[in-house]
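Please open the model in a viewer and keep a selection panel at hand.

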Amino acid sequence: KTEIVYDFKCIEGWSQITHWGGVRFKDFAEHFLVGSKSGATPTNEKPEDLFKYMGLRTPDGEYYVGIDMKSALHPQTILAYEMNGAPLPMNQGAPLRLIIPTKYGVKNLKRIGIMMFSDERPKDYWHERGYDYDCAL
């Protein structure tokens, strides 16, 4: 379990400090050998052997984000199952959501249903509505 506290920022201007608990995405990727083209441990791969992007979709497929692999593998990116010391509530994406402190909240997908990897930039819900694809802080 990894715990982080960060100022969760909305692209529309509000923010709130939140405590999150979960598994670092980097550790998840290494354990399940996801994100690399060879199926090897992603952190031991050369950059050219990693997929460039990760795509995530909600179980109903209505919301989706695309994230560059460098950001996905950042040590603070986690697959969260706790918020403020308690199990993740349904309205915050229970049972599992992405927390990626290097991006605005629109990239922090609630309720992960599908995870995919590609060299092509995956579709992104908010980018299709005029926001910057990366939404980096």
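In which segment is D124 found? Select D124 in this predicted model: the residue is found in the segment after β8, the strand that spans 114-118.

**Stop 1: D124 and its partners**

With D124 selected, colour by accessibility. D124 has a relative accessibility of 3% and counts as buried, because the limit for that class is under 20%. Next, display the side chain of K107; the side chain of D124 makes a polar contact with it at 2.7 Å. To complete the surroundings, select Y64, V65, G66, K107 and Y133, with which D124 is in contact once its neighbours within four places in sequence are left aside.

**Stop 2: the aromatic residues**

Keep Y133 on display and turn to the rings. The structure holds 10 aromatic pairs. One of them joins Y53 and Y133: the ring centres are 6.3 Å apart and the planes stand at 90°, so the pair is edge-to-face. Y53 lies in strand β3 (residues 53-57) and Y133 in the segment after β8, so this pair ties together parts that are 80 residues apart in sequence.

Are Y53 and Y133 buried or exposed? Y53, at 18% relative accessibility, counts as buried. Y133 counts as buried as well, with a value of 4%.

Now select Y63, Y64, Y125, W126 and Y131, which form one aromatic cluster.

**Stop 3: the loop between β3 and β4**

From Y125, move to E62. The C-alpha atoms of E62 and Y125 are 8.5 Å apart in space, while the two residues are 63 residues apart in sequence. E62 has its place in the loop between β3 and β4, the latter strand covering 64-68. E62 counts as exposed, with a relative accessibility of 57%.

T58 is found in the loop between β3 and β4 too. What is the accessibility class of T58? At 10% relative accessibility, T58 counts as buried. Show its side chain together with that of D60: the two make a polar contact at 2.6 Å. Not counting residues up to four places away in sequence, T58 touches Y63, L109, K110, R111 and G113. Of these contacts, Y63 also belongs to the aromatic cluster of the previous stop.

**Stop 4: the largest pocket**

The largest pocket has a volume of about 380 Å³. Its lining comprises 20 residues, and those closest to its centre are F8, W14, G105, V106 and K110. Which strand supplies the largest share of this lining? Strand β2 (residues 15-24) does, with three residues. By class, the lining has 11 nonpolar, six polar and three charged residues.

**Stop 5: the second largest pocket**

For the last stop, select P42, T43, E45, K46, P47, L50, F51, K52, D68, M69, K70 and L73, which line the second largest pocket. The space in this pocket is about 190 Å³. How is its lining divided by class? Six residues are nonpolar, one is polar and five are charged.

Technical notes: Residues numbered from 1 in each chain as written. Predicted model: local features only at pLDDT ≥ 70, side-chain atom pairs only at ≥ 80, totals over all residues. Heavy atoms only, no water. 1 Å grid on protein atoms, 1.4 Å probe; cavity = no way out; pocket = protein on both sides within 12 Å on 5 of 7 lines; lining within 4 Å. Points joined across faces, edges and corners; volume = space filled by probe spheres on them. Helix = DSSP H or I, 4+ residues; strand = E, 2+ residues; numbered from the N terminus. Nonpolar A, V, L, I, M, F, W, Y, C, P; charged D, E, K, R; others polar. Buried < 20%, exposed > 50% of the residue type's maximum accessible area, 1.4 Å probe, protein only. Polar contact = N/O pair within 3.5 Å; in protein donor to acceptor, adjacent residues only side chain to side chain. Contact = heavy atoms within 4.5 Å. Phe/Tyr/Trp six-rings, centres within 6.5 Å; stacked < 30°, edge-to-face > 60°.
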